[in-house]
Amino acid sequence: MMQRANILLPVALEATFQPQRGMATLKSISIRLKSVKNIQKITQSMKMVSAAKYSRAERDLKAARPYGIGAQQFFEKTEIQPGEGEEKKKLLIAMTSDRGLCGAVHTGIARHIRNELAVDDTKTKIFCVGDKSRSILSRTYGKNILMVANEVGRLPPTFLDASKIAHEVIKTGYDFNEGQIVYNKFKSVVSYQLSTLPVYSTPTVEKSEKLALYDSLDSDIIQSYLEYSLASLIFYTMKEGACSEQSSRMTAMDNASKNAGEMIEKLTLTFNRTRQAVITRELIEIISGAAALN
């Protein structure tokens with residue numbers, strides 16, 4: 001008799017715990033469904049915020065473009081080139097920000113700089129504008145980073161911010177003869193293009209043969225103008241980068257919201273099927289028990 005009870009005990013326990021396993025599955029699906037819905041609310045809110053910031057960034061970019069165009073024309077007309085035979089020292093200024101969740105905006109700039117450093121990393125230094133470029137490049141090229149400018153991207157960039165960054169670039173004391181500002185150039189709401197702008201030091205500019213096109217230029221005037229043009233170029237590239245970042249974040253959050261919606265539909269369907277299976281199993285057990293009593 002004791003043997004019969006021992007044999008029936010696992011069957012009774014199995015019948016008792018089967019609904020609990022189903023309930024546990026329903027609870028886990030319900031928790032996951034709730035979390036995905038919360039994520040969708042966050043991504044939709046971020047999309048709306050990015051849309052508002054993008055419209056303002058686009059307006060600011062139109063006003064900032066003359067700063068960049070004017071500074072570029074000086075280098076184009078004077079046809080400045082690094083001196084041949086000189087020791088090549090290069091400076092790369094990475095224009096990123098502190099904020100993520102915006103697609104490949106920051107990783108594209110870091111990839112371009114990594115390719116430059118792969119050619120020659122001994123005489124190339126990096127000035128990181130924004131913490132994202134520092135976090136990516138410091139893993140492999142931390143010794144090449146001169147300085148990092150933080151707190152970029154939380155508020156719309158101003159010319160004062162660009163002037164401070166330009167002042168810090170000059171104050172580093174790195175005697176470069178060729179430089180590049182690596183940034184994202186805004187094209188449309190759904191696209192941007194990785195671009196570079198040249199930057200030169202005062203000795204390199206003074207050696208240009210076509211500098212005589214401009215009258216009454218001495219070293220002090222050239223130095224002052226190069227400081228202003230560097231601030232203008234940084235301001236222009238910050239505006240281009242901010243507009244590209246907001247448009248990319250808006251697109252990324254829109255895609256994330258759509259993916260969350262698809263996941264919600266799948267989880268809802270799974271939840272309903274699981275719940276129906278649990279109900280069906282419980283009904284079968286009730287009917288089987290009633291039939292056994294009869």
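**Entry 1. Strand S1**

I began with S1, from which Lys90, Leu92 and Ala94 point one way and Leu91, Ile93 and Met95 the other, every one of them buried. I took buried as under 20% relative accessible area, exposed as over 50% and partly exposed as in between, with a 1.4 Å probe and protein chains only. Strands here are DSSP runs of E with at least two residues, helices are runs of H or I with at least four, and both are numbered from the N terminus. The count for S1 as a whole is 6 of 6 residues buried.

I note the basis of these values: the model is predicted, local features need pLDDT of at least 70, side-chain atom pairs count only at pLDDT 80 or more, and totals for chains, interfaces and linings use all residues. Residues are numbered from 1 along each chain as its sequence is written, and side-chain values use heavy atoms, with hydrogens and water left out.

**Entry 2. Chain overview**

I counted 6 helices and 5 strands in the chain. Along the sequence they follow the pattern α-β-α-β-α-β-α-β-β-α-α. Of the 294 residues, 37% count as buried. I then looked up contacts, meaning heavy atoms within 4.5 Å. Among those between residues at least 6 apart in sequence, 78% join residues at least 24 apart.

**Entry 3. The sheet**

I asked which order the strands take in the sheet. The sheet is open, has 5 strands in the order S3-S2-S1-S4-S5, and shows mixed pairing. Strand S3 (145-149) and S5 stand at the edges with a single partner strand each, so one side of each has no neighbour in the sheet. The twist from one strand to the next averages 20°. I counted two strands as paired if DSSP finds at least two bridges between them.

The pairings I looked up are these:

- S1 and S2 are parallel over 6 bridges, and Leu92 has Ile126 in S2 as its bridge partner.
- S1 and S4 run parallel and are joined by 5 bridges, with Lys90 opposite Glu178 in S4.
- S4 and S5 are antiparallel over 9 bridges, and Gly179 has Val199 in S5 as its bridge partner.

**Entry 4. Helices on the sheet**

H4 lies across S1, S2 and S3, at about 155° to S2. H6 lies across S1, S4 and S5, at about 40° to S4.

In H2, I found Val105, His106, Gly108, Ile109, Ala110, Ile113 and Leu117 buried. Their cover includes S1, S2, helix H3 (131-141), S4, S5 and H6.

**Entry 5. Nonpolar cores**

I defined a nonpolar core as a set of buried Ala, Val, Leu, Ile, Met, Phe, Trp, Tyr and Cys residues joined through side-chain atoms within 4.5 Å. Which residues have the most contacts inside the largest core? They are Ile93, Ile181 and Ile234, in a core of 34 residues. At least two residues of this core come from each of helix H1 (2-78), S1, S2, H4, S4, S5 and helix H6 (219-293). H6 gives the most, with 9 residues. Another core, of 13 residues, lies apart from it and has Ile113, Cys128, Ile136 and Leu137 among its members.

I also listed what Ile181 touches beyond four places in sequence; the list includes Ile93, Met95, Leu197, Val199, Leu230 and Ile234.

**Entry 6. Single residues**

I checked the cysteines for disulfides, that is, pairs of cysteine sulfur atoms within 2.5 Å. The count is 0. Cys128 is buried at 0% relative accessible area, and Cys243 is likewise buried at 0%.

Apart from neighbours within four places in sequence, Gln246 is in contact with Ser50, Lys53 and Tyr54.

Ala104 lies in the loop between S1 and H2 and counts as partly exposed, at 39% relative accessibility. I noted that the C-alpha atoms of Ala104 and Ala252 are separated by 9.8 Å, although the two residues are 148 apart along the chain.

Note on methods:
Axes fitted to C-alpha atoms, helices over the stretch in contact; angles between N-to-C directions.
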